[in-house]
Amino acid sequence: MPQADQLALVFLNGIAFGMLLFLLAAGLVLMLGVMNIINLAHGSFFMLAGFIGVAVGVKTGNFALGILAGVGAIGFLGLVMERFFLRRLPGKSEQVLFTLGCVYIIWDLARAVWGSSPRFLSAPSILGGSVAIGDYQFPVYRLAVILFGSIIAIGLWFFVERTRLGAIVRAGADDKEMVAGIGIDIKRVFAAVFTLAAVLAGLAGVIAAPILTADLDMDWLILTLALVVMVVGGLRTIQGALVGSLLIGLVDSLGKFFFPELSMFLIFGVMALILAFRPYGIVRSHEKLGLKS
Amino acid sequence: MKTKLVVILVVGVLVGGILLAGCAAEEEAGGAIKIGVLPALTGSLGTNEEQAVHGIKLAFDEVNYEVAGRKIELIVKDVGMDPAVCLTKVKELKIQNNVDLILGPCVTSAGLAIRDYIHENEILTIAWFCSSPKFIEEKYSRYFFRSSHNSGHQPTGHSAYIPYTVNGYRKAVCIALDYQAGRDEVEGFKKIFEGLGGNVTQEIYTPIGTLDYTPYVTQIDLDADFVWSFHWGDDAVRFVRALDDYGIKDQVGLFFTGGGTVEPPDLWAQGDSALGIEDASHYSPVLNTPENLRFVQAIRDKYQEEVTIYTEHGYVAAKMAILALEEVEGAVEDVDGMIQALENLEFEAPRGPIKFEGLHSPIQNIYHRVVEKVDGKLQNTVIGTYTEVGPYWMPEELR
């Protein structure tokens, strides 16, 4: 019979993992909402940021520099991808196929530079310890991830709902022609959103390194989970991404604890169940990007 | 007119054919020995497989790519992680390159995929892993040898025997990757640990590619004497980190089966979390023997990298080929002679003395190792040696 301390541990862990998924899914949601494309290279951004963050973090011994390097590099990569490639491609399907091509290019590049064995970055020393929960320890770093994820979630909500730029983004998601018609450069909005999404994926990649390790095969593993989160939470809202991430994080963590043999099935089982009863996901959006349903 | 042309053509073809056949025969007798090499360079084992190729090349370098006056030519084909591709490459090597001998592959599934083809075509093959017992049981082929170990038995037997007899552990929790080999390893461990009188109180299986090991490691019964594991690659890294992060490492003993969980290069990614973990394995890169020290230095000089178990296994597979070729004086075409030579091999490898005694999987030392940090680098220090361990070793008490 599981004890209370074990349950608390697994629960907290599910939330921490959910927060990581949220950073990824939020980027996917923004891109789908505004640009109407699924970026299949989103998991590759995560993976590449992890490797860059680990390389810089280990070399300098400074975790913050690792984050800066990973986020900066992926943000720049996102900007370049949007400005020089995505923007020039004629249709949505070409754009999605282009991002698929990027998956393979990034994988090969990462392998050529770092090899195929996983890399690990230690948590920064201030967040290094752990707190006792019953007979077990819970790493402070994962508590920090929960806190940090919450701050980002509130920040994103505030940005999308309460700022002028956010209003433009929401408007862009609703009616691109209208936005362009009132004199707003929709191309710049696209570039900004794609870069922001890339930055979020980069952030998640480096933050995840002390928990999951930087690892080549992470690209598809994490993309699959993020896509499940989108489907479960609702495709086009930040709020849905948050609800979906926490749900999938918890199902993953609790599922592996109670039914270790069924863990992967459980996630997809939950997805199938939600699709059956709420085909638009938990948070319905009426094709809007924003918090009101 | 027409008939004349046909006659000329026929004669021409015949003469040409005879000349070509002559050339071929000449090459058979004293030409280069062609050896196909099958690493999985693309895919998640890429870095490990490059190291295996480095080991192979070092072995041939040491004899200047020449045995008994015959040149040796290596043909390296990347087989990736798809067993079907491996089979295609083997056919290519046979039909296009007409190789005399094959080194590789690494992965058991690839080995099983090519097994029937090499068996029917009588192609001598020396793999550097393919450690499944199938290769010396129902899938046995007289043309197939390996330089590795026999998973589920060797070194698994010692990963049960040492903790029981040396550490005095009685209660074990088994946690292993959830696939056939993982379950076979647990079976092998239980057979000996429970046979000796120990008790396995919990068995936990984790899917390959698990991102977060927290829910698994927090299930571990902290009343157990020790945790026994079979993990490798990225999973090993995340698993060992989680044991440390959640304070489990401080409360129970850790004794793993070798060749995987705390093996470099994954060990280096585990960092200090792996410190103090014990295991049983048939090799350690820091083994303090003249042959190993020489080998480690040679790889450093040639490739500026540290030796891993993969480098060593590649090297030993190539060494087996070279020694057998020397035994038959370069007559690689004499397949029966080669098989006999391989079955009677006995030599000093970096891992220690190795011999076959008619088997197709090595009889070798098993080492009791512990992870230590020396000069800032994690390593598997050897603290005990068990000699002449066969593929189906059993403790005396159970024989």
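In this predicted model, Glu203(B) sits in strand S8 of chain B. With 16 other C-beta atoms within 10 Å, Glu203(B) is partly exposed. Leaving aside residues up to four places away in sequence, Glu203(B) touches Cys174(B) and Val186(B). Gly36(B) is 167 residues from Glu203(B) in sequence, and the two C-alpha atoms are 41 Å apart in space.

Strand S8 (199–206) of chain B also takes part in the contact with chain A. It is one of the elements that each supply at least two residues of the side of chain B that touches chain A, alongside helix H2 (46–62), helix H7 (214–217), helix H8 (233–245) and helix H9 (266–270) of chain B. The largest share, four residues, comes from H8(B). By residue type, this side of chain B divides into 12 nonpolar, 10 polar and five charged. In total the contact takes 27 residues from chain B and 31 residues from chain A.

Two peptide bonds are cis: the one joining Gly104(B) and Pro105(B), and the one from Gln154(B) to Pro155(B). Tyr65(B) has a positive phi although it is a residue other than glycine, and Cys130(B) is likewise not a glycine and has a positive phi. The table gives the angles.

| Residue or bond | Angle |
|---|---|
| Gly104(B) to Pro105(B) | omega about -5° |
| Gln154(B) to Pro155(B) | omega near 10° |
| Tyr65(B) | phi near 50° |

Pro105(B) is in the loop between strand S4 (101–103) and helix H4 (108–120) of chain B. Pro155(B) lies in the loop between strand S6 (144–146) and helix H5 (156–167) of chain B. Tyr65(B) belongs to the loop between H2 and strand S2 (66–67) of chain B, and Cys130(B) to the loop between strand S5 (124–127) and S6 of chain B. Tyr65(B) is partly exposed because 16 other C-beta atoms lie within 10 Å; Cys130(B), with 28 such atoms, is buried.

Further along chain B, the axes of helix H11 (residues 309–327) and helix H12 (residues 335–343) come within 9 Å and cross at roughly 120°. H11(B) and H12(B) are therefore oblique to each other, and their crossing is right-handed. Met320(B), Ala324(B) and Glu327(B) of H11(B) make the contact with Met338(B), Ala341(B) and Leu342(B) of H12(B). These residues divide into five nonpolar, no polar and one charged.

In chain A, the axes of H9(A) and helix H10 (residues 238–258) come within 8 Å and cross at roughly 120°. This pair is therefore oblique, and its crossing is right-handed. The contact includes Leu225(A), Val228(A) and Val229(A) of H9(A) and Gly240(A), Ala241(A) and Val243(A) of H10(A). The residues of this contact divide into nine nonpolar, four polar and no charged.

Helix H9 (218–233) of chain A is also a partner of H4(A): the buried residues of H4(A) pack against H9(A), helix H2 (42–60) and helix H3 (63–85) of chain A. Helix H4 (residues 92–114) of chain A has 23 residues and reaches 33 Å from its first C-alpha to its last, close to the 33 Å expected at 1.5 Å a residue. Its buried residues are Gln95(A), Thr99(A), Cys102(A), Val103(A), Ile106(A), Trp107(A), Ala110(A) and Trp114(A). An α-helix has 3.6 residues a turn, so residues three or four places apart point the same way. Just after H4(A), Gly115(A) takes a positive phi of about 75°.

Methods. Residues are numbered from 1 along each chain as its sequence is written. Chains are lettered from A and ligands numbered from 1 in the order in which they are written. This is a predicted model: local features need pLDDT of at least 70, side-chain atom pairs count only at pLDDT 80 or more; totals for chains, interfaces and linings use all residues. Axes are lines fitted to C-alpha atoms, for helices over the stretch in contact, and angles run from 0 to 180 degrees between N-to-C directions. Angles under 35 degrees count as roughly parallel, over 145 as roughly antiparallel, 65 to 115 as roughly perpendicular and the rest as oblique. A crossing is left-handed if the near helix is turned anticlockwise from the far one by less than a right angle, and right-handed if clockwise. Two residues are in contact if their C-beta atoms, placed from the backbone, lie within 7 Å. Ala, Val, Leu, Ile, Met, Phe, Trp, Tyr, Cys and Pro count as nonpolar, Asp, Glu, Lys and Arg as charged, and the others, Gly among them, as polar. The expected span of a helix is 1.5 Å times one less than its number of residues. A residue is buried if 20 or more other C-beta atoms lie within 10 Å of its own, exposed if 12 or fewer, and partly exposed in between; C-beta atoms are placed from the backbone.
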